[in-house]
Amino acid sequence: MEDELESGVVKKFLYINRRAPHGSIYAHEALEVVLIGAAFDQDVSLAFIDDGVYQLKKNQDTSDINTKNFSKTYPALEMYDVEKLYVDKESLEQRGLSEDDLMVDVKILTSDEMKKIITESEVILNF
Amino acid sequence: MKFGILVNEGPYQHQASDSAFLFAKAAIEEGHEIFRVFFYHDGVNNGTRLATPPQDDRHIPNRWSELAKEHKIDLVLCVAAAQRRGMVDPDEMKRNDKDANNIAENFRISGLGQLIEAGIQADRFITFGD
């Protein structure tokens, strides 16, 4: 079904995650795109901005809301060669979070640095 | 220029599908090409043929179908998102043992790889969503 392209074209993909992990399906379905997209050997980066920073918070437990705890997938992204995870510094600080609260290794960026990542990307998917 | 389009919201509830449609139409009128429109999240609901909006309102699914027919645009609903939300084509109906299908003409159901491919193939890729 998912035929890999043989064009050899490698583009800079950026997935921008702006929403809280639970309460809507955006984060969960965005992660599904990242996993499928990993098979295409593209240059992939993920950005976590606004409430999107909560997606990476450690120790998520969805048992009381009866939804799937897809957060376990984030630490597995490394195995899919998805290693460039960028987190917006201001968004973290506004929510009282620090790098220690996150479950994966990330690069914390100022908004100027984030702007540069966005500007340099060729295919941007907003979720 | 070759455009790829992602629609992340359902019809009527949100303007995303309207904006994507008007953009696609304007781009075609200016001589550009729409490589593919990929419908994701609740956006898959744009592909139902069972919608009956009031007569004095636009018919969003039909409008997409007609644009696709006229200009040979590839309209793709994500299979995983479609399965969750009950959007079914004849193949999926058989595969999942359902008693009906509801996909509109000139839409098809396929995998997320089609979204990534659109990103790779298009000169510009645009998300319409919330």
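In this predicted model, A:Tyr15 has A:Leu46 of strand β2(A) standing opposite. In general, the strands of a sheet pair through backbone hydrogen bonds, and the pairing may be parallel or antiparallel.

Stepping back from this pair, chain A contains an open sheet of 5 strands, and reading across the sheet gives the order β4-β3-β2-β1-β5, with parallel pairing. The edges are taken by β4 (107–109) and β5 (123–126) of chain A, each of which pairs on one side only. From one strand to the next, the twist averages 25°.

As a general point, side chains of opposite charge can pair when their charged atoms come close. Over all chains, the structure holds 17 salt bridges.

Turning to chain B, an open sheet of 5 strands is found here too, with the order β4-β3-β2-β1-β5 and parallel pairing. Its edge positions belong to β4 (107–110) and β5 (124–128) of chain B; each has a single partner strand, so one side of each is left without a neighbour in the sheet. On average, and ignoring direction, neighbouring strands of this sheet are turned by 25° against each other. Within the sheet, β1 (residues 2–7) and β2 (residues 33–39) of chain B run parallel and are joined by 6 bridges. B:Phe3 can be found opposite B:Ile34 in β2(B). A helix accompanies these strands: α1 of chain B, spanning residues 16–29, lies across β1, β2 and β5 of chain B and runs at about 170° to β1(B).

It remains to see how the two chains meet. In the interface, 26 residues of chain A are in contact with 24 residues of chain B. The area buried between chain A and chain B is about 2000 Å², and carbon and sulfur atoms give 59% of that area. How many salt bridges are counted between chain A and chain B? The count is 4. A salt bridge links A:Arg19 with B:Asp130, where the closest N and O atoms are 3.7 Å apart. Across the interface of chain A and chain B there are also 13 residue pairs in polar contact.

On the side of chain A that touches chain B, the elements β1, α1 (26–37) and β5 of chain A each supply at least two residues. Which of the elements gives the most to this side? That is α1(A), with 8 residues. By type, the residues on the side of chain A that touches chain B divide into 15 nonpolar, 5 polar and 6 charged.

Methods: Residues are numbered from 1 along each chain as its sequence is written. Chains are lettered from A and ligands numbered from 1 in the order in which they are written. This is a predicted model: local features need pLDDT of at least 70, side-chain atom pairs count only at pLDDT 80 or more; totals for chains, interfaces and linings use all residues. Side-chain values use heavy atoms; hydrogens and water are left out. Two strands pair if DSSP finds at least two bridges between them. Helices (H or I, at least four residues) and strands (E, at least two) are DSSP runs, numbered from the N terminus. Axes are lines fitted to C-alpha atoms, for helices over the stretch in contact, and angles run from 0 to 180 degrees between N-to-C directions. Contact means heavy atoms within 4.5 Å. Buried area is the accessible area (1.4 Å probe) that two parts lose on being put together, summed over both. A salt bridge is a side-chain nitrogen of Lys or Arg within 4 Å of a carboxyl oxygen of Asp or Glu. A polar contact is a pair of N or O atoms within 3.5 Å; within protein, one must be able to donate a hydrogen and the other to accept it, and residues adjacent in sequence count only if both atoms are side-chain atoms. Ala, Val, Leu, Ile, Met, Phe, Trp, Tyr, Cys and Pro count as nonpolar, Asp, Glu, Lys and Arg as charged, and the others, Gly among them, as polar.
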